[in-house]
Amino acid sequence: MSVGNVSFTKDFVISGFPGLQPHYYGFVSALLFFVYVFTLVGNAVFFTLFVTTKPVYCFIINLVVCDVLFSTTTLPKIISRYWFQDGTI
């Protein structure tokens with residue numbers, strides 16, 4: 001009997017930037033690393049400013065937390081693709 005739609009995929013492969021020459025990997029990963037660090041620092045500043053002022057800014061605090069979580073989910077894995085040749089999730 002057919003069970004239906006069944007798949008057994010365990011890993012996803014990150015392709016990065018297709019067509020990027022290998023000698024640009026260091027530059028691209030350093031650029032993405034600095035974007036990640038500046039995103040964390042900037043959101044930390046906004047978070048401390050809005051938490052200490054008024055609780056009216058709960059919506060902006062939610063946006064700051066979502067941005068940090070999204071950046072922490074995606075950017076380190078893309079950076080590890082170029083630094084450590086680890087392209088699987």
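Modeller: Contact, as the word is used below, means heavy atoms within 4.5 Å. Please keep in mind throughout that this is a predicted model.

Colleague: Leaving aside its neighbours within four places in sequence, which residues is Tyr25 in contact with?

Modeller: Tyr25 is one of the seven residues that make up the largest nonpolar core. Once neighbours within four places in sequence are set aside, the residues in contact with Tyr25 are Leu20, Arg81 and Tyr82.

Colleague: Which element gives the largest share of this core?

Modeller: The largest nonpolar core consists of Tyr25, Val28, Leu32, Tyr36, Leu75, Ile79 and Tyr82. The largest share, four residues, comes from α1.

Colleague: How far apart are the end C-alpha atoms of residues 56-79?

Modeller: The unreviewed UniProt entry annotates residues 24-49 and 56-79 as "transmembrane region". In the model, residues 24-49 are 96% helix and 0% strand, with their end C-alpha atoms 38 Å apart. Residues 56-79 are 92% helix and 0% strand, and the distance between the end C-alpha atoms of this span is 36 Å.

Colleague: Which helix gives the most residues to the nonpolar patch?

Modeller: The patch lies on the surface and is formed by Phe33, Phe34, Phe38, Trp83 and Phe84, which together have about 590 Å² of accessible area. The helix that gives the most to this patch, with three residues, is α1 (residues 25-53).

Colleague: Is Phe38 buried or exposed?

Modeller: Phe38 is found in helix α1, and this residue also belongs to the nonpolar surface patch. Exposed means over 50% relative accessible area. Because the relative accessible area of Phe38 is 58%, this residue is exposed.

Colleague: Why does Phe50 count as buried?

Modeller: Phe50 lies in helix α1, and, not counting residues up to four places away in sequence, Phe50 touches Tyr57, Ile60 and Ile61. The cut-off for buried is under 20% relative accessible area. Phe50 therefore counts as buried, since its relative accessibility is 17%.

Colleague: How far apart in space are Phe50 and Val64, C-alpha to C-alpha?

Modeller: Phe50 is a residue of helix α1. In sequence, Phe50 and Val64 are 14 residues apart, while in space their C-alpha atoms are separated by 9.9 Å.

Colleague: Which residue forms a salt bridge with Lys77?

Modeller: Side chains of opposite charge can pair when their charged atoms come close. The structure holds one salt bridge. Lys77, at 23% relative accessibility, counts as partly exposed, and so does Asp86, at 32%. In the bridge the closest N and O atoms are 2.9 Å apart, and the partner of Lys77 is Asp86.

Colleague: Leaving aside neighbours within four places in sequence, which residues is Ser80 in contact with?

Modeller: Ser80 is found in helix α2, and at 11% relative accessibility Ser80 counts as buried. With neighbours within four places in sequence left aside, the residues in contact with Ser80 are Gln85 and Asp86.

Colleague: How far apart in space are Thr52 and Val13, C-alpha to C-alpha?

Modeller: Thr52 is found in helix α1, where, at 62% relative accessibility, Thr52 counts as exposed. Thr52 and Val13 are 39 residues apart in sequence, and the C-alpha to C-alpha distance between them is 42 Å.

Definitions and conventions:
Residues numbered from 1 in each chain as written. Predicted model: local features only at pLDDT ≥ 70, side-chain atom pairs only at ≥ 80, totals over all residues. Heavy atoms only, no water. UniProt positions renumbered as here; feature names shortened; annotations may be inferred. Helix = DSSP H or I, 4+ residues; strand = E, 2+ residues; numbered from the N terminus. Patch = residues over 30% accessible without salt bridge, like charges linked within 9 Å, V, L, I, M, F, W, Y side chains within 5 Å. Areas by Shrake-Rupley, 256 points an atom, 1.4 Å probe, with all protein chains shown as cover. Salt bridge = Lys/Arg side-chain N within 4 Å of Asp/Glu carboxyl O. Buried < 20%, exposed > 50% of the residue type's maximum accessible area, 1.4 Å probe, protein only. Core = buried A, V, L, I, M, F, W, Y, C linked by side-chain atoms within 4.5 Å.
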